[in-house]
Amino acid sequence: GDGGGGGGGDEGGSEGGGGRVGGSAAKWAAPQWQQALAQVGLHELWYQPGFPKSFNVHLLSYNLNILPWGARLAAGAGHDHSSERLQEFISRPELNTLDVLLLQEVFKTPLLRGLLCQQAWLRRQLSERGFVHQVVMPFRPGVLSWTDSGLVIASKLPIVDWGVQRFSRGMHIDAGAAKGILHPSCRLARG
């Protein structure tokens with residue numbers, strides 16, 4: 001047997017001989033996990049022996065090296081041309097094939113209500129391209145912390161939960177960044 005009774009794809013069990021118990025006809029009841037999947041319309045996730053399930057989520061992890069305004073001036077060569085990098089990144093046709101973006105070093109610039117913030121610009125551009133579910137590290141600017149973690153998660157899949165783990169303060173120019181880990185949980189069905 002397949003261990004699931006009722007056969008692959010049969011939503012209500014078997015009316016014929018598949019549900020007999022002790023010689024009497026009894027309707028087969030799906031296990032709770034199958035009932036839960038059926039309630040949300042995910043019948044295709046039921047396991048069928050011999051047919052392994054796979055889920056294709058296309059993601060990109062990428063370091064854009066976009067320092068906040070002001071830090072770019074202090075950091076020196078190698079941190080310029082950030083506007084060009086962002087423009088080139090956002091115009092890549094490959095973005096159309098991706099589901100989730102895990103971006104690093106896209107630091108927030110909280111000055112002047114974000115008018116100089118390239119992170120805000122990038123997030124608007126990504127939203128226009130279908131990455132409407134976004135998470136960034138919560139951040140409150142202060143004397144010792146003048147920018148966020150630089151992490152941006154943008155997804156076409158719904159982000160149903162997320163969490164953070166903050167690191168202790170770094171040294172030198174990193175001392176002003178609220179660094180840490182940002183981790184999301186996405187639902188595998190759009191909509």
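## Salt bridge

Arg92 counts as partly exposed because its relative accessibility is 39%; buried means under 20% relative accessible area, exposed over 50%, and partly exposed in between, with a 1.4 Å probe and protein chains only. The side chain of Arg92 meets that of Glu94 in a salt bridge, at 3.0 Å from N to O. The term stands for a side-chain nitrogen of Lys or Arg within 4 Å of a carboxyl oxygen of Asp or Glu. Glu94 is also partly exposed, since its relative accessible area is 39%. A search of the whole structure finds one salt bridge. Side chains of opposite charge can pair when their charged atoms come close.

## Basis of the values

This is a predicted model, in which local features need pLDDT of at least 70 and side-chain atom pairs count only at pLDDT 80 or more, while totals for chains, interfaces and linings use all residues. Residues are numbered from 1 along each chain as its sequence is written, and side-chain values use heavy atoms, with hydrogens and water left out.

## Overall make-up

The protein has four helices and eight strands. These are DSSP runs numbered from the N terminus: helices are H or I with at least four residues, strands are E with at least two. Along the sequence the pattern reads β-β-α-β-α-α-β-α-β-β-β-β.

Of the 191 residues, 31% count as buried. Among contacts between residues at least 6 apart in sequence, 66% join residues at least 24 apart; a contact means heavy atoms within 4.5 Å.

## The four-stranded sheet

Four strands form an open sheet in the order E3-E4-E6-E5, with mixed pairing. Strand E3 (59–66) and strand E5 (133–136) are the edge strands, each pairing on one side only. Two strands pair if DSSP finds at least two bridges between them. On average, neighbouring strands of this sheet are turned by 15 degrees against each other, direction ignored.

E3 pairs with strand E4 (residues 100–106) in the parallel sense, over six bridges. Within this part of the sheet, Ile66 stands opposite Val106 in E4. Helix H3 (residues 82–90) packs on the sheet and touches E3 and E4, and its direction makes about 160 degrees with that of E3. Axes are lines fitted to C-alpha atoms, for helices over the stretch in contact, and angles run from 0 to 180 degrees between N-to-C directions.

Most residues other than glycine have a negative phi. Asn65, in strand E3, has a positive phi of about 55 degrees although it is not a glycine. Asn65 counts as buried because its relative accessibility is 18%.

Glu105 lies in strand E4 and has a positive phi near 55 degrees, also in a residue other than glycine. Glu105 is partly exposed, as its relative accessible area is 26%.

## Surface

The protein exposes about 11,900 Å², of which carbon and sulfur atoms supply 55%. Accessible areas come from the Shrake-Rupley method with a 1.4 Å probe; for residues, only the protein chains shown count as cover.

Phe55, Val57, Leu59 and Leu188 form a nonpolar patch with about 370 Å² of accessible area together. Patches are made of residues with over 30% relative accessible area and no salt bridge, joining like charges within 9 Å and nonpolar side chains (Val, Leu, Ile, Met, Phe, Trp, Tyr) within 5 Å. Phe55 lies in the loop between helix H1 (32–39) and E3, and counts as partly exposed because its relative accessibility is 48%.
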